[in-house]
Amino acid sequence: MRYGFVIDQNRCIGCHACTVACKEEHQVPLGVFRTWVKYVEKGEYPNTSRHFGVMRCNHCDAAPCVTICPTKALYRRSDGIIDFDNQRCIGCKSCMQACPYDALYIDPNNNTAAKCNFCAHRVEANLEPACVIVCPTQAILAGDLDDPASKVARAVATQKVCVRKPEKGTEPKLFYVGIEDDLLHPTRLSRQSGYVFAEQRDHRPSEKSFDPALTREVYDVAHPAPWGWKIAAYLWTKSIAAGVMIVAAMLMALAGNSSMRIFSIVSPMIALVALGITMALLVLDLKRPDRFYYLLTKPNFRSWLVIGAYILMGFGAMCVVWLLYGLFKDFVPGVVLVLTTVLAAASACYSAFLFAQAKGRDFWQGKWSFCWHLLVQALVAGAATWVICQAVTNFRMPFGGIQPAHVLVLSLFLSLITLLMEIAIPRGTEDGKRAKKVLLQGELSRRFWLSAVALGLILPITLFLLDPPLAPSIAAVLALYGLLWFEYLWVKAGQSVPLS
């Protein structure tokens, strides 16, 4: 049994009855929608046409929201319906990033995720979903796609149907008949900032209003970006925590001295503070921070949110072990150095796989290249932090060995190379190309090239080459500044392209 929808847009009159019925049936709050009707217009006045598209959850057979949900709050029922349990939801918003169809939202009343659940309570009572009942033109069909006698199965078998974003591999079970193709591809739409016809004296749009060659979006519902500065700051503080330990282990190994007190005591203390801030940012970004412990008590081990949480806890535990050896034994065993370094690298890199699970965001899908980039960024953050510590404490490596500044300048070169490689990698989809263009040439480009690249990478490298007074310390501060800007802009660019 596989329940699914067929929506005949040839019949749809854009009356919003389905939206209203859904809101009433589920008491959906104002400002958010489980199902909504999107309007687009084509042509140039007076020869225009209006088209409708009913948008909602696609109840995918390979639903990425189910995979990424860290607490199994989203799940696939035996009848194929993708349902949710708001008693398990922690409000991490990762499902909103994973869904390519903008189907999920945060309920403002209980701060948990919600979406169309096929009116599962009605289905269990052998009733049709509320939207099907109220549709005045019978444009919406619902039923078992595996039953050849059902209306939906016959419609799929006998009519020309299409689905949204089949290239995502989600196997959606919402089929459209007669939908305008541009409604399936939001990046083709020209978005308006005003009422273009009402604002023109002759009722014709100006050239600046829109390009008549494009389909114009005239009505849609708001879908704000789920992740903001807290996620960017978490990436930054995590880089510092991981990098401090990786660089400390590297310098101790190169110096052949595992009893250097500043590394055996100060490094885990810095890492634990940065790691604590990282965990605090993650918790504060949740809409239900009171349920954070569900990651441990109700885990979904397919989600990189859960895997990452365990990696961070393991890394924190090894930092504590390192610190205890430094306090009471005055040396750190090699096995502790190795285990801590491995977990530090994993802490720096796992976010690449988490971002790649956000299937709705094409810009973040290069997990292996971004994984390497995050590791190099951790080296930059760790080395920069040690340069600042060296300036404050005035310690020197023994026997004229490699200094933190040497690691910093090398890691800055590597970071610049990996950044250029990352932005040079072609994006295979239109959404990925548009997000990349926003970052490199669009509204984010000035801050990206100035703050993340020029001030965060090129100027610190130049300072090392010119070697003016206080060059390492200034370069370290600039490197951390540029890294924070990079994380913020990377997160923002990935969410700049509309999903619906």
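Two strands are taken as paired if DSSP finds at least two bridges between them, and strands (E, at least two residues) and helices (H or I, at least four) are DSSP runs numbered from the N terminus. The structure is a predicted model, in which local features need pLDDT of at least 70 and side-chain atom pairs count only at pLDDT 80 or more, while totals for chains, interfaces and linings use all residues. Residues are numbered from 1 along each chain as its sequence is written, and side-chain values use heavy atoms, with hydrogens and water left out.

By these terms, strand β2 (residues 36-44) pairs with strand β3 (residues 47-55) in the antiparallel sense over 9 bridges. A hairpin of 2 residues joins β2 to β3, and Gly-43 has Thr-48 in β3 as its bridge partner. Strand β2 also pairs with β12 (residues 215-219), again antiparallel, over 3 bridges; here Val-40 stands opposite Glu-217.

A further sheet is open and has 4 strands in the order β8-β1-β10-β9, with mixed pairing. Because β8 (140-144) and β9 (161-162) stand at its edges with a single partner strand each, one side of each is left without a neighbour in the sheet. Strand β9 pairs with β10 (residues 174-177) in the antiparallel sense over 2 bridges, and Cys-162 stands opposite Tyr-176 in β10. Helix α6 (residues 151-158) packs on this sheet, touching β1 (3-8), β8, β9 and β10, where contact means heavy atoms within 4.5 Å. The direction of α6 makes about 105 degrees with that of β8; axes are lines fitted to C-alpha atoms, for helices over the stretch in contact, and angles run from 0 to 180 degrees between N-to-C directions.

The largest cavity is lined by 19 residues, with Cys-92, Leu-282, Leu-286, Leu-295 and Leu-305 nearest its centre; lining residues have an atom within 4 Å of a point. Helices α7 (229-255), α8 (261-285), α10 (304-328) and α11 (334-356) each supply at least two lining residues, and α10 gives the most, with 4.

Confidence is expressed as pLDDT, from 0 to 100 for each residue. The protein averages 91, and 94% of the residues score at least 70. Over residues 196-210, however, pLDDT stays under 50. Where pLDDT is low, the predicted coordinates should not be read in detail.

How values were computed. On a 1 Å grid over the protein atoms alone, a cavity is a set of points where a 1.4 Å probe fits but cannot get out, and a pocket is an open set with protein on both sides within 12 Å along at least five of seven lines; lining residues have an atom within 4 Å of a point. pLDDT is the predictor's confidence in each residue, from 0 to 100.
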